[in-house]
Amino acid sequence: MLLKNRAVFSLGLRMCSTHVTAKGPVVDPGAPSSDMSEFRKTFSKAKHIAIITGAGVSAESGVPTFRGEHERWRKWQSQDLATPEAFSRFPSRVWEFYHYRRELVLDKKPSAVHLAIAECEARLKKQGRSVVVITQCIDDLHRQAGSKHVLQIHGSLMETRCLSCRQVTVNKRSPVCAALKGTGAPGSDVPDAQIPVDKLPRCDDRDCHGLLRPNVVFFGETLDSHLLTMVEKEIEACDLCLVVGTSSIVYPAAMFGPRVAARGVPVAEFNTNTTPKTEYFMYHFQGPCGTTLPQALAPHESEDI
Ligand SMILES: [Zn+2]
């Protein structure tokens, strides 16, 4: 069974939003519980908590995710632009899209969800307990909220990577380069700025000067194997897992919660709707995670604080 699970996990290293039909074992064939006081008892005993977050958490801060029909940029959805092929053929257009997204994020503040997670990590640390955030979000809001232990499996909007020397650099400049200033407007009738490739963001290393790309994982690309090894350790070690604000359709992250559940470890899902993975989990709390999560992670009466 373990080998089978590993195979499913390994197959999912490439980021895609295709539904995978292979199913892991269902720990509890009954409907998940939505009993918060029961969850709180489990929470109070957990020593290593893994919190998997997705687009719904960014949405709590007003960050659009470009995943739905209504969240288009010009004529396109994220899946049309966030690909190696699109960047290779239309680097100016793809950079305009990411410039727009960077500027949007720079303008946003952490939400109640980000703050509750960061506060919980700091509080539990004093009790010898740990919290790790494994996030699909590419904004910087978990860190801005104060979370220290964050694994950004899909990369970061605020980092660039050189196509020539591969150097990854934190880059919060606004705009990311002079030529992108005033570009990136999202309206469907806005023409491409068609910035020459030598005016797009370039490597600061004078001997290199290679073209930079956003350090995010594009659709169809393989996730960073070093990072995935760290994620794997966390999901093997945790004794409680929360899956927050994710529709659980983007792989490999969609398998993390079910993998934890397959070990018999409690997993709690917090989302506005049920997901294809809800049936695997012990708990499901429906509603805006900005409402449900702070309640779930608040100090428990048994905590010595
Ligand atoms: Zn370089």
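In which loop is H209 found? H209 is found in the loop between strand 5 and strand 6, where strands are DSSP runs of E with at least two residues and helices are DSSP runs of H or I with at least four residues, both numbered from the N terminus. The structure described here is a predicted model, in which local features need pLDDT of at least 70 and side-chain atom pairs count only at pLDDT 80 or more, whereas totals for chains, interfaces and linings use all residues. Residues are numbered from 1 along each chain as its sequence is written.

The phi angle of H209 is near 55°, a positive value in a residue other than glycine. H209 is partly exposed, because 14 other C-beta atoms lie within 10 Å; by definition, a residue is buried if 20 or more other C-beta atoms lie within 10 Å of its own, exposed if 12 or fewer, and partly exposed in between, with C-beta atoms placed from the backbone. The peptide bond from S174 to P175 is cis, with omega near -5°. S174 counts as exposed because it has 12 C-beta neighbours inside 10 Å. Leaving aside neighbours within four places in sequence, S174 is in contact with E103 and L106, a contact being a pair of residues whose C-beta atoms, placed from the backbone, lie within 7 Å. The C-alpha atoms of S174 and R102 are separated by 8.2 Å, although these residues are 72 residues apart along the chain.

Strand 4 (residues 155-162) is joined to strand 6 by five bridges, and the two run antiparallel; S156 stands opposite N215 in strand 6.

H154 lies in the loop between strand 3 (150-152) and strand 4, and H154 is buried, because 22 other C-beta atoms lie within 10 Å. The UniProt annotation "active site", from an unreviewed entry, covers H154; UniProt positions are given in the numbering used here, feature names are shortened, and annotations may be inferred rather than shown by experiment.

Most residues other than glycine have a negative phi, and most peptide bonds are trans. S248, in the loop between strand 7 and helix 10, has a positive phi near 55° and counts as buried because it has 23 C-beta neighbours inside 10 Å. P252 is found in the loop between strand 7 (240-244) and helix 10 (253-262), and the peptide bond from Y251 to P252 is cis, with omega near 10°.

The largest nonpolar core has 74 residues, and those with the most contacts inside it are I52, C241 and V244; such a core is a set of buried Ala, Val, Leu, Ile, Met, Phe, Trp, Tyr and Cys residues joined through C-beta atoms within 7 Å. This core draws at least three residues from each of domain 1 (12-63 + 110-154 + 223-305) and domain 2 (64-107 + 156-216), with domain bounds that come from an automatic or database domain assignment.

Methods. Contact = placed C-beta atoms within 7 Å. Pairing = 2+ DSSP bridges.
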